Amino acid sequence: MDMAIHFKELDNKLYGFVEGEIDTYTASRLREGLESVKITEGLEMVLDLSKVNYMDSTGLGVFVAFYKRTLRENGKVKLVGLSNRLQRLFEITGLSDLMDIETVKKVESRK
């Protein structure tokens, strides 16, 4: 599988859309895409991972590095659209406590 990332600016926010699999083979493209972002003070970035169907620890490392760089430059980054599987990956590594991740809480129906 392949990985792609593209950006769109809307309402003073920069949106990044990531698609595909993020692993040892594709992480370098993700890293290059994120490194191309010019982070300015006050930048608000939203990374949409709703079309990421697989990610390993290499991908986690890329997101952590980008998150740290954004904070150093006084910007903000939020991860959104994580599947349950990706959300769990961030939780078990403890990254969900450090990074701004928008989670969707499921409403359980009562019968």
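**Exercises on a predicted model**

Leu30 touches Met3, Ile5, Val18, Ile22, Val62 and Phe63, once residues up to four places away in sequence are set aside.

**Exercise 1.** Find how many residues the largest nonpolar core has, and which of them have the most contacts inside it.

*Solution.* Start with the count: the largest nonpolar core has 30 residues. Next, pick out those with the most contacts inside the core: Leu30, Met55, Phe63, Leu79 and Phe90. Then ask which elements supply this core: strand 1 (3–10), strand 2 (13–22), helix 1 (27–35), strand 3 (44–55), helix 2, strand 4 and helix 3 (84–92) each give at least two residues. Leu30 and Phe63, both on the list of residues with the most contacts, also touch each other.

**Exercise 2.** Count the aromatic pairs and classify the geometry.

*Solution.* The count comes to one aromatic pair. The ring centres of Tyr15 and Phe17 lie 6.4 Å apart with planes at 20°, so this pair is stacked; the cut-off for stacking is under 30 degrees.

**Exercise 3.** Place Asn74 in the fold and list its contacts beyond four places in sequence.

*Solution.* Asn74 sits in the loop between helix 2 (57–72) and strand 4 (76–80). Its relative accessibility is 48%, so Asn74 counts as partly exposed. Its contacts, with neighbours within four places left aside, are Thr40, Glu41, Gly42 and Leu43. For Gly42, the sequence separation from Asn74 is 32 residues, while the C-alpha to C-alpha distance is 6.0 Å.

Key. Residues numbered from 1 in each chain as written. Predicted model: local features only at pLDDT ≥ 70, side-chain atom pairs only at ≥ 80, totals over all residues. Heavy atoms only, no water. Buried < 20%, exposed > 50% of the residue type's maximum accessible area, 1.4 Å probe, protein only. Contact = heavy atoms within 4.5 Å. Phe/Tyr/Trp six-rings, centres within 6.5 Å; stacked < 30°, edge-to-face > 60°. Core = buried A, V, L, I, M, F, W, Y, C linked by side-chain atoms within 4.5 Å.
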